[in-house]
Amino acid sequence: MSVRTLPLLFLNLGGEMLYILDQRLRAQSIPGEKARKDEWTDVDRKRVMNDIITTMFNKKFMEELFKPQELYSKKALRTVYDRLAHASIMRLNQASMDKLYDLMTMAFKYQVLLCPRPKDILLVTFNHLDTIKDFIRDAPGILNQVDETFRQLIDTYCGLSAGEFQLIRQTLLVFFQDMHIRVSIFLKDKVQNSNGRFVLPISGPVPWGTEVPGLIRMFNHSGDEVKRTEFTTTGNYVTPQREGSFELYGDRVLKLGTNMYSVSRPVETHMSGSSKNLASRVKENVVPNPLAKEELNFLARLLGGLEVKKPAGSETGFRLNLFTTDEEEEHAALTRPEELSYKVINIEATQEPGRRAELSRILGELEVAEPRPASGEKGEDLLALMDTL
C-alpha cells in the first residue's frame, strides 16, 4: 500500500463534502431581510464555508497530513470528518452526517474508477481545490491557505513515477472496494446499477500518451518493427487533444472532481437493504487493525490540529438537514443500526501505558450528542460541541 495516499483521500473527500454542504445551504437559504432567527441566510452559508475551509487547510493540520503514513480505518476517517463538518455554526444530526459521508465517498470512488490513468487522480484533486478556491474568492487569507496546500501537492506528487501513482490508485480502490451505496444522481444518470455498483464506459478518450486501440505491432530482438496487425474494437475511442495542467493555475482538461451539484439537482441517496448493508459496514469497520497503535497515534496528532468553532456569546448553531423533509431524517435516525450510534471511541493497546492513557483521554472526549426533536430554534437538533484539543 502507498504511504502517499492519505492527503489525496482527505482533500478529495473534503472537496465533495463542501460541494454537498454548499448546495444544501443554498437550497435552504432565505433572503436576510425575510429570514427568521432559526433560518439560514446567504451570510450564514458563506460563514460556514469559510470556517470549514479554514479548518480543513490549517497549516499545522496539513503538515501532519502530508507526512508519509498508511491509511487508517473508515471509522477513524469518519471521526475526522465529523469534527471537520462541525468546525462552524452548522450542526448535523447523525442521520444527516451518515448521508453526507455516504455521498462523499461514493462520488470520489466513482472519480477514481473513471480516471484514464493513475496520475489523473492528481488532476481530480486539483479540480476540487480549484472549486474550493472559488468558494472563498472574497477571503484572501483563506485563499492563501489553499494555495499553500496546492504547492505542497505539486512538490509532493508531480515528481512521482507512473508506478507510484498506480500504487496510490490501488490503495484508494482497496479502501472503497466494499462500499456500494446507491446515490440518486448516479442512478438517474444510469452510471450506477441498482446493486450500487458503477457502470464503467467502454468508449471515450484514452489516457494521455497512449494510442487508440486497434493496432498490434510486433518487433524483433533488435527492436525493429516487423509486422502490424489491425483489429476492430467495440468502443469508440478518441485521442485527447492535450494533457491537463499540473500547475497552480491552468486548464485541467479532465472534468472529474468538478462540482456536480452546481446544476439544480436534489441531493439524495437511496440505501439498498438499508439496515443490512449498514450493519455489514459496521462489522467490517470493527475488525481489529494490526496497525492500530500507529493509526491512533496519527489520529491523535491529526485531531489536535482541528479547532471546533464555538458560538460566540449566546449564539447557537444552525441545524442543516440533508434529507428532503424532517420526517425522512427522523426515519433514517430511527432505522440507524445501534452499532453506528457510538458516543465514545474506546482504545485498546498493549504497549506504552502512558501513551495509551493519553490517547484514550484525547479520543474519549469526542462525544456525539444524541439527536433531539427540533423545536424551531437554532441549536435544538445539534451535535454537542467538542472541546478544542
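Guide: Helices (H or I, at least four residues) and strands (E, at least two) are DSSP runs, numbered from the N terminus. This is a predicted model, where local features need pLDDT of at least 70, side-chain atom pairs count only at pLDDT 80 or more, and totals for chains, interfaces and linings use all residues. Residues are numbered from 1 along each chain as its sequence is written, and side-chain values use heavy atoms, with hydrogens and water left out.

Start in helix 1, residues 6-28. Both R26 and D22 sit there, four residues apart, about one turn of the helix. R26 and D22 form a salt bridge (a side-chain nitrogen of Lys or Arg within 4 Å of a carboxyl oxygen of Asp or Glu). Their closest N and O atoms are 2.9 Å apart. How covered are the two partners? Buried means under 20% relative accessible area, exposed over 50%, and partly exposed in between (1.4 Å probe, protein chains only). D22 has 5% relative accessibility, so D22 is buried. R26 has 47%, so R26 is partly exposed.

Now go to helix 2, residues 42-56. R45 and D42 are three residues apart in this helix, which means about one helical turn separates them. Their side chains also meet in a salt bridge, with 2.7 Å from N to O. Here the arginine, R45, is buried, at 6% relative accessible area.

D22, R26, D42, R45 and K46 are linked in a network of salt bridges. So that is the part to look at: D22 and R26 lie in helix 1, while D42 and R45 lie in helix 2. By the salt-bridge rule, the whole structure has 18 such bridges.

For another pair, look at E225 and R217. Their closest N and O atoms are 3.7 Å apart, and they form a salt bridge. E225 is partly exposed, at 35% relative accessibility. R217 is partly exposed too, at 31%.

Charges can also meet rings. A charge sits over a ring if NZ of Lys or CZ of Arg is within 6 Å of the ring centre and within 35 degrees of the ring normal. K74 lies over the face of F175, 4.9 Å from the ring centre. K119 does this with F246, at 4.6 Å from the ring centre.
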